[in-house]
There are 2 protein chains.
Amino acid sequence: MNIENSSVGLITALERALGSTNLKLGRDIPEVALRDWSDERGGTPMALVTPRDTQAVAAVMRLCHAYDAPVVPQGGRSGLAGGAVPSEGAVLLSLSGLDQIEEIDAASGLMVVGAGCILQKIQEAAFEAGLSFPLDLGARGTCQIGGNIATNAGGNRVIRYGMTRDLVLGLEVVLADGTILPMMNRMPKNNAALDLKHLFIGSEGTLGIITRAVLKLHPGVGGANAALVAVADFAAAANLLRHAQRALSGRVTAFELMWNDYYRAVLSETGHRAPIAPEHPVYALIEMQGADADGDRPVFEAMLEAAFEAELLADAVIAQSQREVENFWSLRDGVAEILSRRAPTINFDVSVPLVRIGDCVDEIRAALLSTYPGLKTIFFGHAGDSNIHLVAGPIDGVDPTGHGIEKTVYEIIRTYGGSVSAEHGIGLHKKPWLSYSRSESELAMLRQLKRNLDPKGILNPGKVL
Amino acid sequence: MNIENSSVGLITALERALGSTNLKLGRDIPEVALRDWSDERGGTPMALVTPRDTQAVAAVMRLCHAYDAPVVPQGGRSGLAGGAVPSEGAVLLSLSGLDQIEEIDAASGLMVVGAGCILQKIQEAAFEAGLSFPLDLGARGTCQIGGNIATNAGGNRVIRYGMTRDLVLGLEVVLADGTILPMMNRMPKNNAALDLKHLFIGSEGTLGIITRAVLKLHPGVGGANAALVAVADFAAAANLLRHAQRALSGRVTAFELMWNDYYRAVLSETGHRAPIAPEHPVYALIEMQGADADGDRPVFEAMLEAAFEAELLADAVIAQSQREVENFWSLRDGVAEILSRRAPTINFDVSVPLVRIGDCVDEIRAALLSTYPGLKTIFFGHAGDSNIHLVAGPIDGVDPTGHGIEKTVYEIIRTYGGSVSAEHGIGLHKKPWLSYSRSESELAMLRQLKRNLDPKGILNPGKVL
């Protein structure tokens, strides 16, 4: 059959399987489905389907598999790497119809959800049950848990609770040929053969479609102690982190670094008041969440006093209320406003071994400024997790892309044994740089797995590899 | 070539590659290499090789692959599922030659080790560096980290620090054909494509040979607060755990349950003094490690007081010193002595969703006693992680195997959606029951992965699948 007839046949079959209300074609596909939060532009999709349950997802995959049709799974489309933008002629598979919180088992500390559940809804449901789901990122009101799992999302509190991977007990996945793979484990301990769910966490929709999940919940949190501190350099910050983790028995829930360029930018471009004068090389936001923030206060203060005595700190301000904790966070979250004021910029999400972060940042800054003298740069990040963010640009008011800036940064990251993607994934955006962080034998194994699990290459084609 | 010539050729090639001191044949293979801590009996191996570095392991695998020779990797051989016992005619590949701690990076909180490092040596090295490697199990002085990773070992403090998987940042693996797969990641955050190390963690030597690892270290621990408590039933224990996790902000490092049958057995068979009278249905050992155990004491005591007021506790004793903490643990560790006194027994390592543990234990006990009236049973386990252990036997002084006891237990576990192996793995011992905990499509995927990564089927043949 020719391609056009094949499309007609697939569309007819999809409509029969899903009903016409769950299928949109051509110009009826909403604009929002054509892109994600990155600046990547994909192709023109053939159809957008919105199955309402796992069986319907399986039916879509069986049909697309039979017709050799490319499928692009979409969650909340808040990814920054282009992993959810349409491939040319693809069937967009929206998971937003699987948006049920199916069960909360507070005694076991778990929640069963559909892949289309919005993260914030999950956070709120956990809170209502006296527990917490600690995954948290800026897109919380938009992103879906299926997308969080497919990209192994990170966020602000990885240092204490881990990546999304660490918050998933079980998964249900639909494979390329429509087979349903149930792995809805509910136990923290289950060594009955290899744990297959890890084949799909972080696979960015290239190996299977995540339809449901069993999430691990943590104890409820009553509040936080937090401090904004200034230190002499990155080495002092690393020593402070180690001191704090020891003194607080591993309870540091965030350790966000802001280099001087970032701190000055957020003060001058967002109108924030400066809790500490902007003369120090590096600033850190240290947070410790807990059931009883007031009860935890003495140990938090003692930790800071000991740090002062050990000359790890140049200056520090302790939040006196939950509102002040939020004010400290707004310094860190001010990056959103900086980004919109400075656009166009190039934004980096990289990681290097923690002990080398200071040298790496210095080397990147020096390399960029020597080649691009007018370039603005700001460095910040979840440094406690080895994660650095860099916003570069604009240069003299023009778009900084295509100037070799990415190559300069990623080549330095490579020499530091770092990762070109700490938390955003590869998608389309970082494909050219993947080989900087993965060896040829790792890439060969990734390609082998892809061929093995998706021999027709229909799942999110062109992404990652 | 015929089989005998083929063996001679392989042995000659192995000797050339490794040197004769690292190769043992026939009767020169020490007795200890023929079994592990399980009662599984394997076949007669052809050779035992002890490569001294990754290149030598790769050379062994290239040769065995070329000669289609089965390879059984061996660590400390302390596994309880028969995963390391010889296959007939196999080359035993001991990792004990890769026993170097290569590097401790205290600032980044990581350690680089060879697969043959003894767990206790790693624990001690972390302690010396002011940090901790929290994986801990009874075999600590014997087991090797490569075996811990290959079996995704659990142990006593999973509730706080996770399984071995959660303590591994990076891995180096040699594949079936001798390809070295370097994945020695050092960053907590690295989303540059799928995290391939999870294909090997818990694979029990069937998909690759683990040669080196980057381990995650936790802050150092100064001591622990602990209490032994008595509760009315499992539901009360589950409520107590939830209360404690909330009050201690997730810092519970152990929550070990002992049902009355276990508690009475350990008192009467090991001569322990009873900290609490043996009349209660269920006992729990609650522990909270921390940097400053004395400083943590008030919050720990307040947690217990609140539990009394909420009528979650029938009785409780708080450890007044680190020595008393150890005494409480010796009640739990007394199982080793019970096992040797009661032998022959059947020992179970299962998990079920936490909320269902109480009913499941009651159902298993009732089913066993109705069919086997003389059978002794004791129930205990890492219940905070959903893990139950059961020791059944002897019956009237005779070996309880072959009496259908396993079938009875595993059939109940299946109806509860549980796992036939919480932490020990499948090996040989649990192969007959794997399908009770994994669906047909999961088993198909496991077989597909095995064919894909080890098409000749030479890696630990006959284990797991």
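**Nonpolar core**

I began with the largest nonpolar core of this predicted model. The core holds 253 residues, and Phe200(A) and Phe200(B) touch the most other members. I then listed the neighbours of Phe200(A), leaving aside residues up to four places away in sequence. Among them are Ile149(A), Ala150(A), Leu171(A), Val173(A), Leu175(A), Leu181(A) and Met183(A). Further along chain A, Phe200(A) also touches Leu207(A), Gly208(A), Ile210(A) and Leu453(A). From chain B, Met445(B) is in the list as well. I noted the general background: nonpolar side chains in soluble globular proteins tend to be buried together.

**Contact between the chains**

I next looked up the contact between chain A and chain B. Chain A contributes 85 residues, and chain B contributes 85 residues. The two chains bury about 6,600 Å² between them, and carbon and sulfur atoms give 58% of that area. On the side of chain A, Lys189(A), Asn191(A) and Leu194(A) lose the most area to chain B, together 14% of what that side buries.

I turned to the polar side of the contact. I recorded 4 salt bridges between chain A and chain B. One of them pairs Lys189(A) with Glu423(B), with the closest N and O atoms 2.7 Å apart. I also recorded 40 residue pairs in polar contact between the two chains, both residues being at pLDDT 80 or more.

I then asked which elements of chain A supply at least two residues each to the side that touches chain B. They are helix H5 (158-161), strand S9 (180-183), helix H6 (234-247), helix H13 (434-437) and helix H14 (440-453). H14(A) gives the most, with 8 residues. By residue class, this side of chain A divides into 37 nonpolar, 32 polar and 16 charged.

**Backbone details**

I checked the peptide bonds and found a cis bond from Gly393(A) to Pro394(A), with omega near -5°. Pro394(A) lies in the loop between strand S18 (387-392) and helix H12 (405-415) of chain A. In chain B, a cis peptide bond joins Ala343(B) and Pro344(B), with omega about 0°. Pro344(B) sits in the loop between helix H10 (335-342) and strand S16 (346-351) of chain B.

Lastly, I looked up positive phi values in residues other than glycine. Ala193(A) has a phi of about 75° and is found in the loop between S9 and strand S10 (209-216) of chain A. Asn460(A) has a phi near 45° and lies in the segment after H14 of chain A. Is each of these residues buried or exposed? Ala193(A) is buried, at 4% relative accessible area, and Asn460(A) is buried, at 1%.

Notes. Residues numbered from 1 in each chain as written. Chains lettered and ligands numbered in written order. Predicted model: local features only at pLDDT ≥ 70, side-chain atom pairs only at ≥ 80, totals over all residues. Heavy atoms only, no water. Contact = heavy atoms within 4.5 Å. Buried area = accessible area lost by both parts, 1.4 Å probe. Salt bridge = Lys/Arg side-chain N within 4 Å of Asp/Glu carboxyl O. Polar contact = N/O pair within 3.5 Å; in protein donor to acceptor, adjacent residues only side chain to side chain. Helix = DSSP H or I, 4+ residues; strand = E, 2+ residues; numbered from the N terminus. Nonpolar A, V, L, I, M, F, W, Y, C, P; charged D, E, K, R; others polar. Core = buried A, V, L, I, M, F, W, Y, C linked by side-chain atoms within 4.5 Å. Buried < 20%, exposed > 50% of the residue type's maximum accessible area, 1.4 Å probe, protein only.
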